[in-house]
Amino acid sequence: MSALAESARSTRRTARRPTPGLVFSIAVLSLFTAGALLAPALFPAGSGAQVGDPYAFPSSSHVLGLDDAGSDVVAELLWGARVSLLVGVLAGVMTVVLGGIAGLVSGYFGGWFETLLMRTTDFFLVIPVLPVMIVVAALYGTRLVNTIVIIGLLSWPGTARVVRSQAKTVRQRLYVRRARAMGASHGRTLIQHVLPQVVPLLGASTALAIGHAIFFEAALRFLGLADRSTTSWGQMIADSFERGAITAEAWWVLLPPGLAIGLVLLSTTVIGRQLEQRTNPRLSVSHLGLRSFRRPTPVQEAQ
Amino acid sequence: MGALRTIGRRLVGAVLLIWLAVTFDFFLFRLAPGNPVDQMSRIPQGSAELQAQLNREFGLDQPMLVQYLRYLEQLSQGNLGVSFVNRRPVRENLVDALLNTLPLVGLGLLVAIALGIGLGVLAGAYRGRSVDHGAVTLATFMYSLPPQWVGMVLLFLFSGLLPTGGMTDQFLIDPTPAQKLLDVGRHLLLPALTLGLVMFGQYTLIMRSSMVETLSDDYVLTARAKGFRPRYVLRRHALRNALLPTVTLIGLSVGAMVGGAILIEVVFSWPGVGRTIYDSIVARDYPMMQGAFLVFTVSVVLFNLLADATYSLLDPRVRRAGAGR
């Protein structure tokens, strides 16, 4: 652990070298993405195919054992990853496209559109998201497309706020004002000069939005508000709840989907936060270097 | 004076937000696909005469604006409609449910605050060391876990020791008040712990960064220069000021907590508002769904208001800034 801390500290000094956390996060996401893509090749029978007794204990042929239907938990996990990640990516992209456009336009032009946007985001940031999703899903149907659209439509305000404040500062920079003075149109200024400064932030938002979407998909699945014809990690959690994996003490069925969601969310959070830090230098500047004061640390000396 | 004016302004904002939420609630249900009479009467292929009659009865033949005004009027009198399922007024059902949700959220919040602030202070004081990295990773990971799954894992771990669902033991005959309290408490333990475990992460993160910032402030350096012991400075100077942003965040996180509470109440069959909204989905009980949604929204707005007010009472700087704005 001290090696981890040491390398984190040296990164802060020399900057730009990937931290162990970042490497870990990228590895986790690559692994799950590869697994999702390879699922049809590795388990051509698809999800839900019975290969043995229900709740069979993990063995060499089925490393995570079998679930309530006698299907291989690894196969379920990889097939489930396809849906979970697909929902995550599509809803995440939708969030960032909507939030990015709203944030860029309102931050760049200001005026009544900005006021309107800020009030709208105020509203969306206050109302509890999950109950709204529940109501919308219950009223408008539970097809996979609906799940994606619901999550996308209800998640963009956060992104819009971050992008707006960045666009607002970029607009004031000298080179942007010069470009305007030299006769560049609003559209050109926005796309050529403001957008590139916002792109890393959009990347960070995408990572975070993907995580959120996967989380909410699992919640909707658990409440029975999603299309059950496909499996997903959320569906696996819901199934192990409804079909007695806890009573059967089948921890090999219960644990994998939750851990998968936790790991993916942890990874998207780490990646998103680091991207954000690299974009926004203000975040990494501590007010005063207090190294001299901080040695020995207060808690340490108290011991 | 400044504090009062700030709070007054927030109050107006909160009333506006609640009105918006109420309006949103109305149109969300009114604009849903399908004929509401179909859904309400649960007679999908009812005859044209029956539909027309139901439409008249429910006032659905009136213009949207008239319907909306009538809805506001009824709401202002506390009328939320009647549940399709048990024919009781929605309001009565919701008051019962809310009284059950409050202890769950209250105890869960206490667990989350204790864990979150404790770990956050530790991480902030040990900034950049392995304790810090460990605490931040743990907090982020726990916050990433689906609440329903954390609840199930706790159920799995404690299934023999603690009750696995519901709020009371059905087989407890004629319990004394003390027995009853103990029984509910035992049932409350696991759901509240689940809520605490999935919520504390964000408090840890905000507490940590706020500690780090406060520890690098001039007055902390001054206090150290005066010769106070580091632990004293940490507690008296740094911790007190670092708590402020956390107070606001706790208010803001009530929205997320509501989402967690829904899932957790379903896992543990806890008869609260979250469980109510779930049951109303299953039964297609639209008035209940609408009412529960309203309760959630209004309580989140109120908690935000409360957090803002606490914040400006605690920190004179905010008060002044608020008055100047």
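User: What counts as a helix here, and how many helices does chain B have?
Analyst: A helix is a DSSP run of H or I with at least four residues, and a strand is a run of E with at least two. The model is predicted. By that rule chain B has 0 strands. Its elements, read from the N terminus, run α-α-α-α-α-α-α-α-α-α-α-α-α-α. The helix count for chain B is 14.

User: What box do the C-alpha atoms of chain B fill?
Analyst: The box is taken along the principal axes. For chain B it comes to roughly 85 × 60 × 35 Å.

User: How much area do chain A and chain B bury between them?
Analyst: The contact takes 56 residues from chain A and 61 residues from chain B. Of the buried area, 77% lies on carbon and sulfur atoms. The area buried between the two chains is about 5,500 Å².

User: How many salt bridges does the rule find across the interface of chain A and chain B?
Analyst: Over all chains, the search finds 10 salt bridges. A pair needs a Lys or Arg side-chain nitrogen within 4 Å of an Asp or Glu carboxyl oxygen. Across the interface of chain A and chain B, the number is 0.

User: Which residue meets Glu114(A) in a salt bridge?
Analyst: The N to O distance is 2.9 Å. Glu114(A) sits in helix H4 (residues 111-126) of chain A, and its partner, 54 residues apart, is in helix H6 (residues 144-172). That partner is Lys168(A).

User: Which helix of chain B holds Arg235(B)?
Analyst: Arg235(B) belongs to a surface patch of positive charge. Arg229(B), Arg231(B), Arg236(B) and Arg240(B) gather there with it. Arg235(B) lies within residues 230-252, helix H10.

Definitions and conventions: Residues are numbered from 1 along each chain as its sequence is written. Chains are lettered from A and ligands numbered from 1 in the order in which they are written. This is a predicted model: local features need pLDDT of at least 70, side-chain atom pairs count only at pLDDT 80 or more; totals for chains, interfaces and linings use all residues. Side-chain values use heavy atoms; hydrogens and water are left out. Patches are made of residues with over 30% relative accessible area and no salt bridge: like charges are joined within 9 Å, nonpolar side chains (Val, Leu, Ile, Met, Phe, Trp, Tyr) within 5 Å. Accessible areas come from the Shrake-Rupley method with a 1.4 Å probe; for residues, only the protein chains shown count as cover. Lys and Arg count as positive and Asp and Glu as negative; His and the chain ends are not counted. The place of a charge is taken as NZ of Lys, CZ of Arg, CG of Asp or CD of Glu. Contact means heavy atoms within 4.5 Å. Buried area is the accessible area (1.4 Å probe) that two parts lose on being put together, summed over both.
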